[in-house]
Amino acid sequence: MRRIASRLYDAMGKKQGSYESESMSKSRNDQNYTFWLREHPSALTSFVEMIHMAKGKQIIVFLDYDGTLSPIVSDPERAFMSVQMREAVRSVSKCFPTAIISGRSREKVHDFVKLNSVYYSGSHGMDTIGPAPKKNSYDKNYQKKTYDNEGNEFIVFQPAQDFLPAIKKMLTEVKERTRKIPGVAIEDNRFCVSVHYRHVKEKDYERVEEEVKLMLANYPDFHFTRGKKVLEIRPSIEWNKGDALKYLLETLGFHDSGDVLPVYIGDDRTDEDAFKVLRERGDGYPIIVSSAPKETMALYSLQSPSEVQTFLTRLSMWGIENAATTHR
Ligand SMILES: [Mg+2]
């Protein structure tokens, strides 16, 4: 039926969407979403059955930042999290080891989150501050010890350190190249450079990508990935958010433990690498934040950051009640 209508409208020179009223298209989207929810059930409605599996296991919480803990906003410098969300993350981190893995620089995420009870991994996992175990299997050349104000020891792990001089050069170059395209915003995320085009006119999108591609032709050790209205230039090393998750699990002492239950919540394509790691391990909960159907490796879903907040609050309430199986 739809195909016939579409052909008819094509013949009349109208766009396919134009015969569909707004309410019809909304109901079609709702239907698609309902169908998608069957494959990726809500982590809120599934909470009881999810948590049932957690008994006797150590839950570890991994969170993305933008679009997960904070709403996506038009100015990336103003992606603040709410006081209530900060409280929810604080509560969950008191019950379970918690890490935030973001595409932003580690310092910037810390400035947004402002909690000392969580671990931070910035630049898509290429800059991680984590526990300092006696031994780990990762390259010592890229690890250095650091201490907090109370003298607690941590390790900063930066597997892409060798790429820093080239990234600095590219940062200047990409600014120069995109200077004449109105609306481009370049963000220095330490081990990656983000080229935001949310405020660029649609007709100029291609120009932005073209400039990035032209520049990268001179930097064969780098590539770019696409995020939400952003191109992210990053070193071509085998390292992503999923690797950061594995690294943190190992340094927390749970690398090959069967008694661990990692939960990862994220909304972006780069989070899929972490979802994949959990699917391969077969022992955790990958949860995507999305209010529309999309292709994902996640098993569960949450609609919005506010649902993430509710989920974290319920999780910490359960953690407090079941304190015997938690880490502190
Ligand atoms: Mg995100």
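This is a predicted model: local features need pLDDT of at least 70, side-chain atom pairs count only at pLDDT 80 or more; totals for chains, interfaces and linings use all residues.

Residues are numbered from 1 along each chain as its sequence is written.

**The whole chain**
- You'll find ten helices and 13 strands here, going by DSSP runs numbered from the N terminus (H or I and at least four residues for helices, E and at least two for strands).
- The chain's radius of gyration is 22 Å, close to the 20 Å that the globule rule gives for 328 residues, so the chain is as compact as a globular protein of that length. That radius is taken over C-alpha atoms, and the rule is 2.2 Å times the number of residues to the power 0.38.
- Along the principal axes, the C-alpha atoms fill a box of roughly 70 × 50 × 35 Å.
- Of the 328 residues, 38% are buried. Buried means 20 or more other C-beta atoms within 10 Å of a residue's own, exposed means 12 or fewer, and partly exposed is in between, with C-beta atoms placed from the backbone.

**Two domains**
- The chain splits into domain 1 (54-159 + 239-325) and domain 2 (163-233), with bounds from an automatic or database domain assignment.
- Their centres, taken over C-alpha atoms, sit 26 Å apart.
- Where they meet, 15 residues of domain 1 are in contact with 15 residues of domain 2; contact means C-beta atoms, placed from the backbone, within 7 Å.

**Helix H10**
- H10 covers residues 305-321, and its end C-alpha atoms are 24 Å apart, which agrees with the 24 Å its 17 residues should span at 1.5 Å a residue. The expected span is 1.5 Å times one less than the number of residues.
- Its buried residues include Phe311, Leu312 and Leu315.
- Seen down the axis, the buried residues fall within an arc of 165°, so they line one face of H10; the arc is that of the directions from the helix axis to the C-beta atoms.
- Their cover includes helix H4 (83-95) and strand E11 (260-266).

**Helix H6**
- In H6, the buried residues are Ile167, Met170, Val174, Arg177 and Thr178.
- These fall within an arc of 90° seen down the axis, so they line one face of H6.
- Pro165, Thr172 and Glu176 are exposed on the other side of H6.
- Among the elements that the buried residues of H6 pack against are strand E7 (185-188) and helix H7 (205-216).

Methods:
Two residues are in contact if their C-beta atoms, placed from the backbone, lie within 7 Å.
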